[in-house]
Amino acid sequence: MDDRISQDQRTPYRASSPNFSAAPGAHPSAIHVSALCKTYGTDDTGVMALDDINLDIRAGEFVTVVGPSGCGKSTLMRMIAGLIAPSRGEIRLGGDIVRGTRRDIGIVFQSPVLFPWRTVLENVLIPIDVQRRGRQQNLPKARDLLAMVGLADFAHRYPAELSGGMQQRVGIARALVNDPAILLMDEPFGALDAMTRENLNVELQRLWQSNGNTVLLITHSISEAVFLADRVVVMTARPGRIAEVLEIDLPRPRTLEMMGSTAFGHYVNRIRTHFGAKGAD
Amino acid sequence: MLDLASVDTPRNRLLSVLLLAGLLVSWEVVIRVFGIAPFILPAPSAVAQALWRGFANGPFLQHTLTTVAEVLLGFIFGSAVGLVLGVGIALNRHIAYFVYPYIVMFLSMPKVALAPLIVLWFGLGITSKIVTAALVTFFPVMVNTIAGLNAADRDGIDLIRSLGGTERQIFTMLRLPAALPMIVAGLEIAMTLSLIGTVVAELIGAEQGLGMLMQSMNFSMDTAGVFSILIVLAIVGLVLNQALKSARRRMIFWENAGRASSTPSRRASPATEVENTLAVSR
């Protein structure tokens with residue numbers, strides 16, 4: 001817990017590393033990660049979760065991170081969100097160094113994280129309430145998003161009345177309600193059955209194409225990573241390192257049928273070589 | 001709780017009433033046949049008579065009201081203290097550090113054993129009963145408040161934090177409502193204990209109340225009267241608990257929503273029906 005950034009005690013970051021390349025000026029990337037390391041515990045005896053991560057994500061780009069358990073992909077996401085501080089290196093969002101949590105990030109977790117005492121609509125409005133943006137002005141936006149994820153008729157239901165897939169859709173609508181520049185998704189469909197998962201992949205692509213957010217999605221599933229991404233970041237474990245960044249050159253919008261194509265299979269196999277015979281798990 | 005709804009048929013209800021009648025009749029018969037002295041074990045008819053006389057032209061109502069007032073006041077004060085201490089301990093490590101040793105010590109001690117001291121300190125009036133009831137009440141409320149406030153989902157905390165939310169917002173928007181089911185469960189235990197604490201204090205020494213009445217009947221060997229008071233106490237406990245249960249259903253309304261859709265025996269919930277139509281239309 002000590003590595004969390006709290007309101008009153010923000011960990012000062014070490015000086016930015018010398019091999020920092022892109023000048024954060026003219027065209028700042030949406031997410032710029034340079035020489036990022038994260039060690040849990042003390043430097044000598046600690047476990048290195050991430051080692052020298054460098055990543056540059058353009059505004060509006062859809063990037064997926066795929067890797068085995070323990071490759072530090074969730075740690076990477078939490079650092080980008082400003083929830084935990086890096087041990088070394090720096091993260092810039094739109095040119096600004098991340099020094100704590102921000103107001104322009106949407107997060108979707110693996111579990112839907114809905115508050116059971118709030119209706120579906122009220123759950124979507126949580127970011128509005130936290131940031132005191134005013135429910136009235138944002139009600140139309142919240143309803144639009146619910147309609148976009150196919151839950152317009154469920155606005156006044158409670159989460160317990162919804163299926164797992166529907167709950168996760170509420171989570172996605174909520175992450176988008178304050179118009180975040182960046183959408184971070186930590187294995188958002190990991191707990192869902194395969195068919196629901198594929199349908200939600202298609203829906204997410206549609207949402208992203210109409211909204212134009214920058215999306216960083218973390219996943220265990222190689223085919224999900226390829227299906228959604230402009231670029232796939234392949235990570236290996238212990239310590240977490242980037243093994244390869246793969247450009248996915250498939251036309252949009254992608255369809256589920258495309259997953260049977262030769263090109264798709266080629267990408268999947270290419271990524272799989274990094275994990276031996278085991279797959280990403 | 002056991003799920004008894006499936007066996008709650010008209011036939012079983014009738015059998016249940018017959019069972020009760022059978023028990024009472026055989027009790028009555030045993031008393032008469034073996035000639036058991038009424039001060040050892042009174043017949044149910046004698047208990048019913050004592051109950052009737054006590055309320056119709058006796059002092060039962062007045063003493064019942066006294067006891068109920070003591071139970072409720074003790075419950076309110078004890079729960080309030082338990083709630084405040086629980087919140088303090090859950091939110092502040094310093095408070096937790098200094099208070100915890102006493103809690104651990106207090107945990108294993110039967111709190112009603114303090115009742116004689118409290119009657120000594122606060123006298124025979126209503127105060128000593130309220131203090132005793134509050135003392136046994138605050139503990140489960142405090143423990144459940146601490147546990148409930150620490151039960152909030154870590155991702156939920158991260159969600160509010162990632163949006164720039166403050167610790168206060170995390171508390172009011174997430175931790176407190178998430179703790180409510182456990183807090184109310186603590187209140188339910190507390191209500192039962194409050195009645196126990198009150199009656200024990202009344203037995204030790206009081207000017208009014210059902211415990212005091214029962215004690216004086218016991219001394220005068222009015223065993224039927226003692227039984228009738230026991231019945232009144234049972235009914236008081238039942239009513240207080242039911243009141244709290246219905247308060248729970250209203251406070252933690254979302255639990256009912258969850259049960260409605262997660263009970264497999266019920267027909268498909270509206271949610272799953274629409275989920276199915278969504279799947280078809282796709």
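Predicted model: local features only at pLDDT ≥ 70, side-chain atom pairs only at ≥ 80, totals over all residues.
Where does A:Glu187 lie in chain A? A:Glu187 is found in the loop between β7 (182-186) and α6 (194-211) of chain A.

**Backbone of chain A**

Most residues other than glycine have a negative phi, and most peptide bonds are trans. A:Glu187 has a positive phi, near 45°. A:Ala35, also a residue other than glycine, has a positive phi near 45°. A:Ala35 is placed in strand β1 (residues 31-40) of chain A. Because its relative accessibility is 10%, A:Ala35 counts as buried. A:Glu187 is buried as well, with a relative accessible area of 10%.

| Residue | Phi | Relative accessible area |
|---|---|---|
| A:Ala35 | near 45° | 10% |
| A:Glu187 | near 45° | 10% |

A cis peptide bond runs from A:Arg252 to A:Pro253, and its omega is near -10°. A:Pro253 belongs to the loop between β10 (241-247) and α8 (262-272) of chain A.

**Helix α5 of chain B**

Helix α5 of chain B spans residues 115-122, and its buried residues are B:Ala115, B:Ile118 and B:Val119. They cover an arc of only 100° around the axis, so they sit on the same side of α5(B). On the other side of α5(B), B:Leu120 and B:Trp121 are exposed. The buried residues of α5(B) are covered by elements including α6 (126-149) and α8 (167-204) of chain B. After α5(B) comes B:Gly123, with a positive phi near 85°.

Key:
Residues numbered from 1 in each chain as written. Chains lettered and ligands numbered in written order. Heavy atoms only, no water. Buried < 20%, exposed > 50% of the residue type's maximum accessible area, 1.4 Å probe, protein only. Helix = DSSP H or I, 4+ residues; strand = E, 2+ residues; numbered from the N terminus. Arc of directions from axis to C-beta. Contact = heavy atoms within 4.5 Å.
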